Amino acid sequence: MEYAQGAMNDEVKATRRAAELRAVLNRAAHQYYTLDAPDIPDAEYDRLFQELQALEAAHPGLCTPDSPTQRVGGVVLDGLKPVRHALPMLSIRTETDTTAAGARKFDEQVRNFLAGEQRRTELKASDPRHRAAPLPEEALAVLGGAPIAYVAEPKFDGLAINLRYEHGVLMQAATRGDGETGEDVTHNIRAIGQIPLRLAGDAPPVLEVRGEVYMRRDDFEALNERQRAKTAAGAKNEKTFINPRNTAAGAVRQLDPVTARERRLSFFAYGLGEVTPAAQGSPRWSSHWDVLQALKSWGFPVSALARRALGAPELIAFHEDVAGQRDQLPFDIDGVVYKVDSLVLQRELGFATRQPRWAVAHKYPAQEQLTTVQAIDVQVGRTGKLTPVAKLAPVFVGGVTVTNATLHNELEARRKDVRVGDTVIVRRAGDVIPEVVGVLPERRPPGAEPFAMPAHCPVCGSDAVREEGEADHRCTGGLFCPAQRKQALLHFASRRAMDIEGLGDKLVEQLVDGGIVRALPDVYRLGFVALAALDRMAEKSARNLVDALQKSKQTTLARFLYALGIRHVGETTAKDLARHFGTLDGVMAAGVDPLLQVPDVGPVVAESIHTFFAQPHNREVVEQLRAVGIHWPEGPPAPAALLPLAGKTFVLTGTLPTLGRDEAKDLLEAAGAKVSGSVSRKTHYVVAGEEAGSKLDKARELGVPVIDEAQLRALLAGAA
């Protein structure tokens, strides 16, 4: 008897604890997935989840349909079962006029129908054989000139779903299908965290919620990244996906629920199906807006973009406003939806050919279209990146006529297997560069050859290389290639490189576009007269630029190396190269192995430096720059250990009396010191000037020595 009593107590405790865990976990899931405001750490959620799993394993009768553990079912079904909808899932009529006229047209149609109903009522009233059924007051107000109240919502590009709840628990989920009969996809819908397994608040005994399953753009990109990684690792049949809509729909209709979990689907609710015993339109709700608020109260995500709108002008404003946000939204939409807000008016308007008269989908210009590839060209960007571009038969997509679409790089072009003559799907979203997102291989003409990146730059003929681990090919003729001329010149003149004050974007545009500067050395051949004759170039500005050019000729080897714009060679690497080799000729003559002896220079950087100086064009430009008078101190490299400040770490803060921050940094690094941006216990000195801030406070707190400019100069001179 005691044993039985103890077992009963254990069962009661387990039941109570399981209920507590389900409540906590369901609430946490709502906070995380729907409100995007998690209130418990992931580790705590996992701990509670595992505790609930263990309880249900020990007491199988505790596993309820609303348990969070049911989101991760692993049973693969034999097939999807048909589901007869209690109320048909009807489609909404589409307005294909993508301009403001589409909204005005819908508003007029609603008004005209109500006016026709009024006329029929009047005719019936004049005929004694018929009893008149007067229009409701709301309709009469509209006919009297009052604006119609609408609810405007985004039109999600996903898969319509009907969710059936009984006594607050999710019992079934079905696709739209043909409107009358869909498919049972409950096993996959349970995996979507935004869909509650048990409703919050007071819900009717039977409640059907309708909404859209979709895939966020970031989740879609992450999925394709995973697919590409699998392919790169040698996996087969790991295709990438064309668009989020088809990917979401495919996941929902899979037999294996693991697929739905892996694709990270999302959900928005926007309406109701069967509701008993309180029917839609009863005193419980008087408007569609009320329905949306009820959906929120039960725990469903409802789009924050949805809003009320009075009359056609506010519908037009909504259409335009959402169009402006469309490209920044985290999910795809292909239009907006207008619904008459009043449920009384909705019933009065009714349906036409199984489509509601009280709603319409107002589309945006299509973002995807079919066209054919006429050629594949290779363009060279300002940084030397080679990009294959598909030349297309003109097609109207995303509101403009598209003739070019990027293929990004050779790997992407080969992954998509885009060939000349192919029929392709082209996508354009807002100001985003059009791209080919898919190929229809069944329409491929015979003899179409796979794309291959050229071995040489199509602009200057220099070698085109793709570094290990990189996706992009790049032109190696950075100092010579016309396509890179502006970028090379701007980098060369920048403050941390040659520091040519006054040589900015606008002037570089004029010099390059006018054919005045064809290579970097040409800048130093510019005279005062030629500069003063340029647009928006005053005599004083011309004189200042001539002086800046002359001043820049006296530089350092590190600055010159950095100014050349060698890929992967930043300021620190340039200083390491200058310190290690001592002369430019030493750097230019070095093979990969000697370059690898430089501190912090790895195989990729060494190969990049060697390839740069192996190009005859680049060596010629370097010699011409020397010939126009650019010079720097050279000599045998000093062993790092012999430099006066070797192994010391400095931090600069505030404004020094005579030294600029960059100048002080250069002097310290030339003396072998490291200059850091933050103070720590490993800092040897903090150099403080006027208006020193938190770094000075931190140094005092840690007991790090603080010195001024005079003491710094003494250290640099080796006097301390």
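The side chain of N618 reaches the backbone nitrogen of L479 at 3.4 Å. This is a polar contact, defined as a pair of N or O atoms within 3.5 Å; within protein, one must be able to donate a hydrogen and the other to accept it, and residues adjacent in sequence count only if both atoms are side-chain atoms. The model is predicted: local features need pLDDT of at least 70, side-chain atom pairs count only at pLDDT 80 or more, and totals for chains, interfaces and linings use all residues. Residues are numbered from 1 along each chain as its sequence is written, and side-chain values use heavy atoms, with hydrogens and water left out.

N618 sits in helix α22 (residues 616-627). Helices (H or I, at least four residues) and strands (E, at least two) are DSSP runs, numbered from the N terminus. The relative accessible area of N618 is 0%, so the residue is buried. Buried means under 20% relative accessible area, exposed over 50%, and partly exposed in between (1.4 Å probe, protein chains only). Beyond its neighbours within four places in sequence, N618 is in contact with T476, G477, G478, L479, F480 and F612. Contact means heavy atoms within 4.5 Å.

The protein chain holds 25 helices and 24 strands. Of its 720 residues, 46% count as buried. Among contacts between residues at least 6 apart in sequence, 67% join residues at least 24 apart.

Y524 lies in the loop between α14 and α15 (528-532). Y524 is buried, with a relative accessible area of 9%. Not counting residues up to four places away in sequence, Y524 touches F492, M498, I500, L549, S552, K553, L625, V628 and I630. With S552 there is a side-chain to side-chain polar contact of 2.9 Å. I630 is 106 residues from Y524 along the chain, and the two C-alpha atoms are separated by 9.4 Å.

Helix α14 (residues 505-513) also packs with helix α13 (residues 485-493). The angle is about 135° and the axes are 10 Å apart. Axes are lines fitted to C-alpha atoms, for helices over the stretch in contact, and angles run from 0 to 180 degrees between N-to-C directions. The two helices are therefore oblique to each other. Angles under 35 degrees count as roughly parallel, over 145 as roughly antiparallel, 65 to 115 as roughly perpendicular and the rest as oblique. The crossing of α13 and α14 is right-handed; a crossing is right-handed if the near helix is turned clockwise from the far one by less than a right angle, and left-handed if anticlockwise. R485, K486, L489 and L490 of α13 make the contact with D505, V508, E509, V512 and D513 of α14.

Helix α25 (residues 709-716) has E709, L712 and L715 as its buried residues. They cover an arc of only 115° around the axis, which puts them on the same side of α25. The arc is that of the directions from the helix axis to the C-beta atoms. An α-helix has 3.6 residues a turn, so residues three or four places apart point the same way. The buried residues of α25 pack against β21 (649-653), α23 (661-670), β23 (685-688) and β24 (706-707). At the start of α25, the backbone nitrogen of A710 has a side-chain oxygen of D708 within 3.2 Å.

Two strand residues were also examined. T371 belongs to strand β14 (residues 368-380). Its relative accessible area is 8%, so T371 is buried. A polar atom of the T371 side chain lies 2.6 Å from the backbone oxygen of A393. Residues up to four places away aside, T371 touches L392, A393, V395, D422, T423, V424 and V426. E166 lies in strand β4 (residues 159-166). At a relative accessible area of 31%, E166 is partly exposed. E166 and T276 are 110 residues apart in sequence, with 9.8 Å from C-alpha to C-alpha.

Most residues other than glycine have a negative phi. H568 has a positive phi, near 75°. H568 is found in the loop between α17 (557-563) and α18 (571-581), and is partly exposed at 32% relative accessible area. Phi of E691 is also positive, near 60°. E691 is in the loop between β23 and α24 (694-702). E691 counts as exposed, at 77% relative accessibility.
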